[in-house]
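Subject: Structure handover

Hello,

Here is the structure I promised to pass on. Please open it alongside this email; my notes follow below.

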Amino acid sequence: MWVFIFTGAGVPLLGVSLARVWLYRRLYPQDRTGRTDRSGHPDSGPIGLYEAAYLERGRRGVAEVALCALHLGGSLTVAADGRVTAVRAAPEPNGDGPGRDPVQAAALALLGGEAPPHAATFRTGVGDCPAAVEVERSLVGRGLAVDPRRRERAENAELAQAVCVLVAVLATVAACIVDSATGQGTGLRPFLAFTVLGTVTGLVSLFAGTVRSDRHATAAGLRRSREAAADETWAPPLPSGVPAAARAALTAVARNGPGSGGVHGLAPLTAHLRPRPAPGTASPATREPPSVGGCGAGCGGGI
């Protein structure tokens with residue numbers, strides 16, 4: 001009798017565990033052959049400011065570059081309490097960028113409401129909009145970024161495995177009771193069987209690894225990002241409306257984020273984009289208010 005209980009709990013657990021390994025391997029390919037895109041050819045496309053920022057921090061990084069570019073270009077101002085206000089419309093194309101910047105245009109479109117949003121809330125809205133999602137989709141297609149849909153499937157597999165482990169533990173108790181109650185044994189056999197099952201599951205879990213929500217780049221993406229960071233001559237095109245003198249500042253934001261320090265001319269904005277202090281220690285000027293507004297139809301998930 002206990003064999004049926006063991007089979008009913010063990011087979012789903014093993015199946016989910018193996019599926020988790022498969023999903024994890026698809027999520028983070030080893031990239032041992034140097035192939036970086038889905039067609040199997042080495043990726044040689046450009047790594048711009050938005051791409052470099054995404055590989056480090058996801059769509060949040062894309063939004064940070066856009067906000068800093070708008071601030072440096074004089075298109076928005078930041079009040080002492082962190083509220084963001086538009087000064088003028090989206091900048092016209094300049095000689096460096098390819099044309100009107102869609103991420104900047106989406107950012108300024110969010111500032112049409114009556115109440116100016118806080119900088120951190122504004123960053124979330126910009127990262128959720130279609131222009132930032134398109135940067136993500138492009139990098140995924142090039143094999144440089146983790147596919148968010150695959151990450152969600154891998155996370156669901158982790159949750160399913162945890163549920164199956166709980167069911168297996170309960171099944172172990174039930175099998176031991178049944179084995180003893182029927183006089184067929186002392187409960188040792190089902191206990192040993194489930195112990196072996198637990199050991200196998202644990203080893204499979206170690207092999208599968210853990211899904212990291214803060215990792216946005218594949219192995220190929222990490223390599224391209226490090227190459228760009230190590231290249232002192234890297235000079236990606238600037239977003240529209242940004243003076244050439246601000247290239248170093250935006251490059252630092254793309255590589256290290258707005259809280260990296262030493263970013264000239266961005267202190268009024270970056271002071272409100274850095275991670276907030278622990279609860280109870282934040283000052284009123286740096287606390288992030290509830291979310292306001294949105295980016296309209298076509299927005300993606302959170303960042």
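Among contacts in the chain between residues at least 6 apart in sequence, what share joins residues at least 24 apart? The figure is 75%. Keep in mind throughout that this is a predicted model.

Overall layout

The chain holds 11 helices and 2 strands. In sequence order the pattern runs α-α-α-β-β-α-α-α-α-α-α-α-α. The chain has 303 residues, and 45% of them are buried. Its accessible surface is about 15,400 Å². Carbon and sulfur atoms account for 61% of that surface.

The main core

The largest nonpolar core has 49 residues. Phe122 and Val126 touch the most other members. Several elements supply at least two residues each: helix 2 (49-57), helix 3, strand 1 (76-78), helix 4 (102-109), helix 5 (119-128), helix 6, helix 9 (219-230) and helix 10 (247-256). Helix 3 gives the most, with 8 residues.

Phe122 deserves a look on screen. Leaving out residues up to four places away in sequence, Phe122 touches Leu67, Leu76, Val84, Ala107, Leu110, Leu111 and Pro117.

Salt bridges

Side chains of opposite charge can pair when their charged atoms come close. The count here is 9 salt bridges.

- Glu158 pairs with Arg20, with the closest N and O atoms 3.6 Å apart. This pair links distant parts of the chain. Glu158 sits in helix 7 (residues 148-181) and Arg20 in helix 1 (residues 2-27), 138 residues apart. Is Arg20 buried or exposed? Arg20 counts as buried, because its relative accessibility is 11% and the cut-off for buried is under 20%.

- Glu134 pairs with Arg137, and their closest N and O atoms are 2.6 Å apart. Both lie in helix 6 (residues 130-141). They are 3 residues apart, about one turn of the helix. Glu134 is partly exposed, at 41% relative accessibility.

- Arg60 pairs with Glu64, the closest N and O atoms being 3.8 Å apart. Both belong to helix 3 (residues 59-72). They are 4 residues apart, so about one helical turn separates them. Glu64 is buried, with a relative accessible area of 2%.

There is also a network to trace. Salt bridges with shared partners join Arg57, Arg60, Glu64 and Arg123.

A surface patch

Which residues make the nonpolar surface patch of about 220 Å²? They are Leu14, Val196 and Val200. Leu14 lies in helix 1. Its relative accessible area is 32%, so Leu14 counts as partly exposed.

Where to start

Then go to the bridge between Glu158 and Arg20. Finish at the patch made by Leu14, Val196 and Val200.

Best wishes

Definitions and conventions: Residues numbered from 1 in each chain as written. Predicted model: local features only at pLDDT ≥ 70, side-chain atom pairs only at ≥ 80, totals over all residues. Heavy atoms only, no water. Buried < 20%, exposed > 50% of the residue type's maximum accessible area, 1.4 Å probe, protein only. Contact = heavy atoms within 4.5 Å. Areas by Shrake-Rupley, 256 points an atom, 1.4 Å probe, with all protein chains shown as cover. Salt bridge = Lys/Arg side-chain N within 4 Å of Asp/Glu carboxyl O. Patch = residues over 30% accessible without salt bridge, like charges linked within 9 Å, V, L, I, M, F, W, Y side chains within 5 Å. Core = buried A, V, L, I, M, F, W, Y, C linked by side-chain atoms within 4.5 Å.
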